[in-house]
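Good morning, everyone, and thank you for making the time.

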Amino acid sequence: MSTTVSAGCCLSWKSNRQVVPSHLPANSSGEKGLSRTKFAAVASKNGCLHEESEGLSGVLNRRVALASGVSLISSAALSFCPGEGLAVVKQGLLAGRVPGLSEPDEQGWRTYRRPDEKSGGHGVGWSPMSPYVFSVPQAWEEVPVSIADLGGTEIDLRFASPKEGRISVIVAPVLRFADDLGDDAKIENIGTPAKVINAFGPEVIGENVEGKVLSMAVTEHSGRKYYQFELEPPHVLITATAAGNRLYLFNISGNGLQWKRHYGDLKRIAESFRVI
């Protein structure tokens, strides 16, 4: 998290350090720091003490005096200026966690679109990542991704709902299949649905998919083909497509109870996945 504080005030604390302005009187040789009483009197005279002076004095009581007259303060960076309110505090976004969910529609569903600003290039020399979208009920939320997870650094996104299940998006290089697919690969050029699921299914479920594929289907949207799979056990829905020099695997998993109660929603989520 990054914190920035507006400059230009007559008295400010930055980086957890008290800075005494040059126009305030220097300390006498008998003092190791600026006393609370003298500080309040001088600051008030110079018009630099805000109405919260009592709270400020409480903070100063906790100072650790240094020979230079600078003391450490445990609070975050603050500024007190006449005619100005509290300093503007700007909170930076965590890398890879740029929010991308829309407001819910009339049915309570929200659309996630991968933000263009999101980090995670998946290797040096890759073409720009094509954004993707999908829809989820309102209870679903993004969760942190760990490189220790199954799929490692190729996991681009995770979502979860305590009641319904889990989502992950794996973005893998098409070069695993061939080195002549170029920078605008299509999933039909990579191989048949059977070839794709046999090669990449283990990355989703952590084991061989032989005997676990219940169904395979091919759909097309805006000229792009999507392979759709249902596996059991474990209960998993996979939607796969290709764009640029990457293969996208959109995966939904859940336990038996979640599958029984929310299969309709989970199927709708899987079928909503698009690369744009």
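Let me start with a question: which backbone oxygen does the side chain of Thr 239 reach? This is a predicted model, and in it the side chain of Thr 239 comes to 2.9 Å from the backbone oxygen of Ala 270. Thr 239 belongs to strand E13, and with a relative accessibility of 2% it counts as buried. If we set aside the neighbours within four places in sequence, Thr 239 is in contact with Tyr 226, Tyr 227, Gln 228, Tyr 248, Leu 249, Phe 250, Ala 270 and Phe 273.

Seven strands form an open, antiparallel sheet, and their order is E8-E9-E10-E14-E13-E12-E11. The edges are taken by strand E8, residues 141-142, and strand E11, residues 213-221; each has a single partner strand, so one side of each is left without a neighbour in the sheet. At the E8 end, the pairing with strand E9, residues 155-161, is antiparallel and runs over two bridges, and there Glu 141 stands opposite Ala 160 in E9. H5 packs on this sheet, where it touches E9, E10, E12, E13 and E14, and its direction makes about 150° with that of E14. Helix H4, which spans residues 193-205, lies across strands E10, E11, E12, E13 and E14, and it runs at about 60° to E12.

Now to the other sheet I would like to show you. Three strands form an open sheet in the order E6-E7-E15, again with antiparallel pairing. Strand E6, residues 109-113, and strand E15, residues 274-275, are the edge strands here, and because each has a single partner strand, one side of each is left without a neighbour in the sheet. Helix H5, residues 256-271, packs on this sheet as well, touching E6, E7 and E15, with its direction at about 165° to that of E7. E6 pairs with strand E7, residues 132-137, in the antiparallel sense over five bridges, and one detail of that pairing is that Tyr 112 has Phe 134 in E7 as its bridge partner.

The largest nonpolar core has 24 residues, and the members that touch the most others are Tyr 132, Phe 134, Ile 167 and Ile 269. Which elements give two or more residues to this core? They are E6, E7, E9, E10, E13, E14 and H5, and H5 supplies the largest share, namely four residues. Phe 134 itself, not counting residues up to four places away in sequence, touches Arg 110, Thr 111, Tyr 112, Leu 157, Phe 159, Ile 167, Phe 250, Ser 272 and Phe 273. Apart from this core lies another, of 23 residues, among them Ala 172, Ile 187, Val 196 and Leu 247.

Beyond residues up to four places away in sequence, Arg 176 touches Glu 154, Phe 200 and Glu 203. The C-alpha atoms of Leu 175 and Ala 185, ten residues apart along the chain, are 9.9 Å from each other.

In the loop between E12 and E13 we find Pro 233 and Pro 234. A cis peptide bond joins Glu 232 to Pro 233, with omega at about -15°, and a cis peptide bond also joins Pro 233 to Pro 234, with omega at about -10°.

Terms used: Residues are numbered from 1 along each chain as its sequence is written. This is a predicted model: local features need pLDDT of at least 70, side-chain atom pairs count only at pLDDT 80 or more; totals for chains, interfaces and linings use all residues. Side-chain values use heavy atoms; hydrogens and water are left out. Two strands pair if DSSP finds at least two bridges between them. Contact means heavy atoms within 4.5 Å. Axes are lines fitted to C-alpha atoms, for helices over the stretch in contact, and angles run from 0 to 180 degrees between N-to-C directions. Buried means under 20% relative accessible area, exposed over 50%, partly exposed in between (1.4 Å probe, protein chains only). A polar contact is a pair of N or O atoms within 3.5 Å; within protein, one must be able to donate a hydrogen and the other to accept it, and residues adjacent in sequence count only if both atoms are side-chain atoms. A nonpolar core is a set of buried Ala, Val, Leu, Ile, Met, Phe, Trp, Tyr and Cys residues joined through side-chain atoms within 4.5 Å.
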